[in-house]
Amino acid sequence: MSAQPYGPNTAGVRRFLVQLAGLGKEDRGLVVARYAQARTTVSWRAAEQHLATAIARSGREPQRDALTGPLLQLVRPVNAPAPATDDDALALLDPVAEPALAALLALLVEELLPPEAVETLSAPFAGVIARR
């Protein structure tokens, strides 16, 4: 694997993953609650559109896909039984998985996004995970 498996923003992605791994239950709950509110807003939907466009135009789909393994290791329960269906597998994930994926993808293409989109997608982690 390349020294930069997540592209030019590998250092930031790795830093986020390390900090995510260290989050306690209370901080995870705070992130999930913030995300539940944020994802219903017009600004969130706009940020997601910018994100999808940036990933597609940059050709960073392989780097996006490389994120899934480390993220899944952090959000899957240890020693969980093998799920019977994809829906069962999703139900087993820590609820922080969705907001973490959004923030990680924003980091992946950060320099290609409007600053407000990066801010919106990482906002659930404000004060919980340092961006720099």
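Visitor: Which residues lie nearest the centre of the largest pocket?

Guide: Leu72, Val75, Ala89, Leu90 and Leu93, out of a lining of 16 residues. A pocket here is an open set of points on a 1 Å grid over the protein atoms alone, where a 1.4 Å probe fits, with protein on both sides within 12 Å along at least five of seven lines; lining residues have an atom within 4 Å of a point.

Visitor: Is this a predicted model or something else, and how are residues numbered?

Guide: This is a predicted model, so local features need pLDDT of at least 70, side-chain atom pairs count only at pLDDT 80 or more, and totals for chains, interfaces and linings use all residues. Residues are numbered from 1 along each chain as its sequence is written, and side-chain values use heavy atoms, with hydrogens and water left out.

Visitor: Back to that pocket. What volume does the largest pocket have?

Guide: About 320 Å³. Volume is the space filled by probe spheres set on the grid points, which are joined across faces, edges and corners.

Visitor: Which elements give two or more residues to the lining of the largest pocket?

Guide: H4, helix H5 (86-92) and H6. H4 gives the most, with four residues. Helices are DSSP runs of H or I, at least four residues, numbered from the N terminus.

Visitor: How does the lining of the largest pocket divide into nonpolar, polar and charged?

Guide: There are 13 nonpolar residues, one polar and two charged. Ala, Val, Leu, Ile, Met, Phe, Trp, Tyr, Cys and Pro count as nonpolar, Asp, Glu, Lys and Arg as charged, and the others, Gly among them, as polar.

Visitor: And the second largest pocket: how much space lies in it?

Guide: About 170 Å³. It has 15 lining residues, with Phe16, Ser122, Ile129, Ala130 and Arg131 nearest its centre. H1 gives the most to that lining, with four residues. By class, the lining has nine nonpolar, three polar and three charged residues.

Visitor: Switching to H6. How many of its residues are buried?

Guide: Ten of twelve. Buried means under 20% relative accessible area, exposed over 50%, partly exposed in between (1.4 Å probe, protein chains only). Leu104, Leu105, Leu107 and Leu108 are among the buried ones.

Visitor: What covers the buried residues of H6?

Guide: The cover includes H1 (10-21), H2 (25-38), H3 (42-58), H4 (61-75) and H7 (115-122).

Visitor: Which residues have the most contacts inside the largest nonpolar core?

Guide: Phe16, Leu20, Leu113 and Phe125, in a core of 36 residues. H6 gives the most to this core, with nine residues. A nonpolar core is a set of buried Ala, Val, Leu, Ile, Met, Phe, Trp, Tyr and Cys residues joined through side-chain atoms within 4.5 Å.

Visitor: What does Leu20 touch?

Guide: Not counting residues up to four places away in sequence, Leu20 touches Arg28, Leu71, Leu74, Val96, Ala100, Phe125 and Ile129. Contact means heavy atoms within 4.5 Å.

Visitor: Now Arg60. Buried or exposed?

Guide: Buried, with a relative accessible area of 11%. Arg60 lies in the loop between H3 and H4. Leaving aside neighbours within four places in sequence, its contacts include Pro8, Asn9, Glu111 and Leu112.

Visitor: Last one, Gln19. How does it count by relative accessibility?

Guide: Gln19 is partly exposed, at 23%. Gln19 lies in helix H1 and touches Ile129 and Ala130, not counting residues up to four places away in sequence.
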